[in-house]
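Colleague: I am new to this structure. Could you take me through it?
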Amino acid sequence: MNELAIPGLPEYAFGGDYNPEQWPESVWQEDMALMREAGVNLVTVGVFSWAKLQPTENTWSFEWLDRVLDLCHANGIKVDLATATASPPPWLGLKYPSTLAVDETGVRMAWGARQHFSPSSSVFKKFSLALVEKMVERYAEHPAVVMWHVGNEYGAHTHRCFSEESADAFRAWLITKYGDVDTLNERWGTAFWSQWYSNWDEVMPPRKTVYFPNPAQQLDFKRFSSDAMLELYKAEVEVIRQRVGRQIPITTNFMRFFPHADYWKWSENIDVISDDWYPDLADPESHIEGAMGADLMRSLGAGRPWFLMEQAPSAINWREVNPAKPKNAYRRWSLQQAAHGADGILHFQWRASVRGAEKWHSGMLPHSGTDTAVWREVSRLGQDLKKLKPLLGAKSDSQIALLLDWSSWWALELDSRPSTRLTQMEALLDYYRPLAQAGYSVDFAHPEQDLSRYKLVIAPSLYLISDLGIERIRAASAGGTNIVFGKFSGAVDAEEGVRVGGHLMGLRDVFGCYTEEWHPLVAGQTEEVLIGSNRGEVSGWTEHIRLLPGSAIEGTFSTGDLAGLPAIVSKTSEKSKAWYLGCTPNRDMIASLLEAICIQSGAAPVLYSVPQGVEVTKRSNENGSFLFLLNHTGVEQSIEIGQASVDLISAESFVGAVTVGAGEVRVLHLP
Ligand code: GAL
């Protein structure tokens, strides 16, 4: 039996958020009929239903939800049941203002939108857990419910709170971490600017200050805020697990590269990793981010199948301009998520709302009804996904990992840096893009995990590395894994203190070099690097690198203040090789460098000689291997796959070469 993300749903999952409380009950029957027509087999119910379930502090109303779940069950549609805690009702905020989040200036948030709760509010916790108790009591055994959905997009709107209660919780978190205030003083460097604390009461969240707040305080507050939300999530999970058995998984939906929650830590507590993806249609490279985010989700679940929990069938409503999705994009990007390990494709939302802030957000069932392009595309996808059943649970095999650590990301993007123009996302994309374009399967990994199974580990920019991270990287390198570090890496310890004695401390012998001084470039400034006889351009960042014994110069600055000094250094050790890139190479330069590095590392792409703009991924399980060919170009492409295959969706058979229409996708079964 293949590994199923949801044991109660042995099919490829397809569906979306279903918010029947926005409609008269007379519409529900039609919903069911149309869901069946579109191939929907899973709906997420109740995400924003708290006010309808508990209209006042002492009244409850579950009968309508009983009828919805029974109706779903009668129609063979499974339910991912939300705990309904994502948007507290107005009465809670009115009577208990301490449940409302407070911003850094002391302003308390009002109800009237959603997710306005303070993650550290004990009153909010009490009321939300009481609701979860009721939900679980009533629906633990409901035959339609195959998964529980805790909260919704934790941190999307409120990711931190500066209230008195949050300050207390932050202090408690710091006491657990540091034990005594002297240790905190030392780790935060409070000898600086007279910030020294004589007792815990003086320690605050980084509220509005006149100038840069202490960076270690800011970093710890980000960690605390992620943990505070995670504690809430875990408290709900605990209530659910008191009655609900392990065969029913629990999830909460992530937001890809979301900057406010440490998803490595979160994912340890989530049975089915699920994710929401709303590509920016103005970005011509959305498909690169589409692949990268999906790879992150697969990696967060250690390779387990994950779900695309939300996407829009067409337009969204929250960017400046919200176009309809371009032709074929909805289908191709959906299947792209399957190509990277998703065993469920769901949407926000089933039926487009007619009132409220999201009425101009597309739904699977548009305002204009079923005689629409969106409906036809949605139903076509729903029918086609049924045919992917054989690939459920299929895994990918990546030989390359990119390192991502939220603490390092947070520290990199604080104020008071050598350059505030560096972003973690840009650094990741700089390295992910050429690897994806060359057809490599890429995992994401945390620097503190065992990295030794990879042939190549790349840290595009790992500004902060803990002692354990250093140990893991050293161990992987000693064991035969090749390592690449990009700019501005290895600069600070876990609490953002500089590791003195030349940057890359702890890893200097691995790379055969260290950085004496950072040389960020100003906007518009570019410099040149010579690699052999090739010239490449760098922008944004350069470094004054010093060589250590045993190293080799791979690239040299040929212009600017650093002309004649190394830009890229490598060192070959007994079992592996390591490269340090002290610059931001332009696209061509990084692509050719990585190509050479992959070859030297023995990493192989999924397929050789794939036309540009065609993405290829592979998943395998006991039914065989499945090759996804995604044509992101506007013309038909032919790809030589070197063996016989059958398209799972169209049932066409191929002997060697396979054609893929413009913007189309094939899912080939290789028996
Ligand atoms: C998500 C959210 C959904 C809906 C959607 C609109 O962030 O979870 O409830 O608001 O965005 O794109």
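Predicted model: local features only at pLDDT ≥ 70, side-chain atom pairs only at ≥ 80, totals over all residues.

Colleague: Which surface patch includes Tyr211?
Modeller: Tyr211 belongs to a nonpolar patch on the surface together with Phe192, Trp193, Val210 and Phe212. Their accessible area together is about 610 Å².

Colleague: What does UniProt place at residues 17–388?
Modeller: The unreviewed UniProt entry gives "domain: Glycoside hydrolase family 42 N-terminal" for that span. In the model, residues 17–388 are 40% helix and 9% strand, and the end C-alpha atoms lie 22 Å apart.

Colleague: Changing topic, how many salt bridges does a search of the whole structure find?
Modeller: The search finds 40 salt bridges. One of them joins the side chains of Arg138 and Asp66, at 2.6 Å from N to O. Arg138 is in helix H5 (residues 122–139) and Asp66 in helix H3 (residues 63–74), so this pair links distant parts of the chain, 72 residues apart.

Colleague: And what does Asp443 form a salt bridge with?
Modeller: The partner of Asp443 is Arg453, with the closest N and O atoms 3.1 Å apart. Asp443 lies in strand S11 (residues 442–445), while Arg453 lies in the loop between S11 and strand S12 (456–459).

Colleague: Is Asp443 buried or exposed?
Modeller: Asp443 is buried, because its relative accessible area of 7% is under 20%. Arg453, in contrast, is exposed at 55% relative accessibility.

Colleague: Which residues are linked in a network of salt bridges?
Modeller: That network links Lys177, Arg187, Asp220, Arg223, Asp493 and Glu495.

How values were computed. Residues numbered from 1 in each chain as written. Heavy atoms only, no water. UniProt positions renumbered as here; feature names shortened; annotations may be inferred. Helix = DSSP H or I, 4+ residues; strand = E, 2+ residues; numbered from the N terminus. Patch = residues over 30% accessible without salt bridge, like charges linked within 9 Å, V, L, I, M, F, W, Y side chains within 5 Å. Areas by Shrake-Rupley, 256 points an atom, 1.4 Å probe, with all protein chains shown as cover. Salt bridge = Lys/Arg side-chain N within 4 Å of Asp/Glu carboxyl O. Buried < 20%, exposed > 50% of the residue type's maximum accessible area, 1.4 Å probe, protein only.
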